[in-house]
Amino acid sequence: MKIAIVGTGYVGLVTGTCFAEIGVNVICVDTNSEKIEALKQGIIPIYENGLEEMVNRNAKAGRLQFTTSLESCLNEVDVIFSAVGTPPDEDGSADLSYVLEVARTIGRNMTKYVLVVTKSTVPVGTAGKVRMAIQNELDKRGVQIDFDVASNPEFLKEGNAVADFMSPDRVVVGVESERAKKLMSKLYKPFLLNNFRVIFMDIPSAEMTKYAANSMLATRISFMNDIANLCELVGADVNMVRSGIGSDTRIGRKFLYPGIGYGGSCFPKDVKALIKTAEQNGYRMRVLQAVEEVNEKQKSILFEKLQRHFNGDLHDKTIALWGLAFKPETDDMREAPSLILIDKLLNAGCKVRVYDPAAMTECRRRIGDSVCYATDMYDAALDADALMLVTEWKEFRLPSWAVIKKAMRTPVLLDGRNIYEKKEIEELGFTYHCIGK
């Protein structure tokens, strides 16, 4: 089978590479010629564990190709996955201009049956717009060619995306015809030989499933952060509370970790888009509006703790940040709490020293040289008045605290992810602040 993936961003590149890994002939398409040329040379535009090796292996084997022209390969393929961006508009709704342009290009150039699958996260009803855009172009040409549309939302976790795709806990597919169902079954069967966990449903339900899943996870995070903030006020330990409620099998332990808010390319955008979809249909998502409000406030919680510790006087203080990416195992800083934190620190007159194992280049691209980029986590702590743990990379779990204490001007640690033991850190001579206790 031969397929095309339009869009070589995070979702498109992972999807295309993983399909190539199980023997599918894949053509990845992107209008960004520089990105395509870099990919042809084995240069990967994103940081994702295991992806670079897999891309190069499948490109060398001839199963993975890259081009800037969808028209040139359109009639070689059976299935086209649309994985282009859907950035939020100013009002929070998803921008479908790239999705619909792909559809129009298909309609202008197709000469045989093709299954068009939306992989991008899109609002309910998008498949109908895609179908209409393709059909309008066919009508302009005065030709009648059969085609199907489908929805196949991605559920990839950044930092673990390759493993998620190669061994998914479920695959959600929205289809309208038996022909489309058979094609999608054929594509996914190699991933699920022993347990075929493809859930077929109607297209609107598939489109809604993606938004509902991410919004539920975001809700759990904001709920736990709200509980953490209350725990501090009443003298409870949020880690004990988390353990107590997480042992309930109806609740479970996942996504119940207090912290400094969620970020990334999915949760913030998808929560906003679902709120907007509801508004457009005359309904108000009260829970999600609160989720978003709690999350935005939580991104400032470490700064507020720092202010209280220094009695509001932060001018000329040197603050070290461990972690810049919104989560470990990625260089993605979209909606990252670190950006809010850095902005507040700089506005307060602080000198900021930062270190992240993967996101230093991305940070420099975003904010330039307004902060000092350290060579490692120990260099970041040099002469610091306080150290903030922002992203819970593994290498931060067990540092040499004696070296850290000696390097710092004052041994103050603010743990934004609750990965350290308060008693242990305080016994080492540090003043310790964390979330929710």
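Residues count as exposed when their relative accessible area is over 50%, as buried when it is under 20%, and as partly exposed in between (1.4 Å probe, protein chains only). By this criterion, Arg286, Glu293 and Lys297 of helix H12 are exposed. The model is predicted, so local features need pLDDT of at least 70 and side-chain atom pairs count only at pLDDT 80 or more, while totals for chains, interfaces and linings use all residues. Residues are numbered from 1 along each chain as its sequence is written, and side-chain values use heavy atoms, with hydrogens and water left out.

**Domains**

- The protein chain is divided into domain 1 (1-200) and domain 2 (240-431), with bounds that come from an automatic or database domain assignment.
- The centres of the two domains, taken over C-alpha atoms, are separated by 34 Å.
- Contact (heavy atoms within 4.5 Å) links 13 residues of domain 1 with 19 residues of domain 2.

**Helix H12**

- Helices (H or I, at least four residues) and strands (E, at least two) are DSSP runs, numbered from the N terminus.
- H12 (residues 286-298) has 13 residues and reaches 18 Å from its first C-alpha to its last, close to the 18 Å expected at 1.5 Å a residue; the expected span is 1.5 Å times one less than the number of residues.
- Leu288, Val291, Val294, Asn295 and Gln298 are the buried residues named in H12.
- These residues lie on the same side of H12 because they cover an arc of only 120° around the axis, the arc being that of the directions from the helix axis to the C-beta atoms.
- The cover over the buried residues of H12 includes helix H9 (203-234), helix H11 (267-280) and helix H13 (301-309).

**Helix H2**

- In helix H2 (residues 33-40), the buried residues are Ile36, Ala38 and Leu39.
- Their arc of only 160° around the axis puts them on the same side of H2.
- Glu34 and Lys40 are exposed on the face of H2 turned away from its buried side.
- Helix H1 (10-21), strand S2 (25-29) and strand S3 (64-67) are among the elements that cover the buried residues of H2.

**Nonpolar cores**

- A nonpolar core is a set of buried Ala, Val, Leu, Ile, Met, Phe, Trp, Tyr and Cys residues joined through side-chain atoms within 4.5 Å.
- The largest such core has 58 residues, of which Leu306, Leu321, Trp322, Leu345, Met388, Trp401 and Tyr420 touch the most other members.
- Apart from this core lies another, of 42 residues, including Ile5, Cys28, Val117 and Leu183.
- Not counting residues up to four places away in sequence, the residues that Tyr420 touches include Trp322, Leu389, Phe396, Trp401 and Tyr432.

**Six-stranded sheet**

- An open sheet of six strands runs in the order S11-S10-S9-S12-S13-S14, with parallel pairing; two strands pair if DSSP finds at least two bridges between them.
- Strand S11 (372-373) and strand S14 (431-433) are the edge strands, each pairing on one side only.
- Strand S10 (residues 351-355) pairs with S11 in the parallel sense over two bridges, and Arg353 stands opposite Cys372 in S11.

**Positive phi angles**

- Most residues other than glycine have a negative phi.
- Phe255, although not a glycine, has a positive phi of about 60°; Phe255 is found in the loop between helix H10 (238-246) and H11 and is partly exposed, with a relative accessible area of 30%.
- Asp383, also not a glycine, has a positive phi of about 60°; Asp383 lies in the loop between helix H16 (377-380) and strand S12 (386-389) and is partly exposed, with a relative accessible area of 40%.
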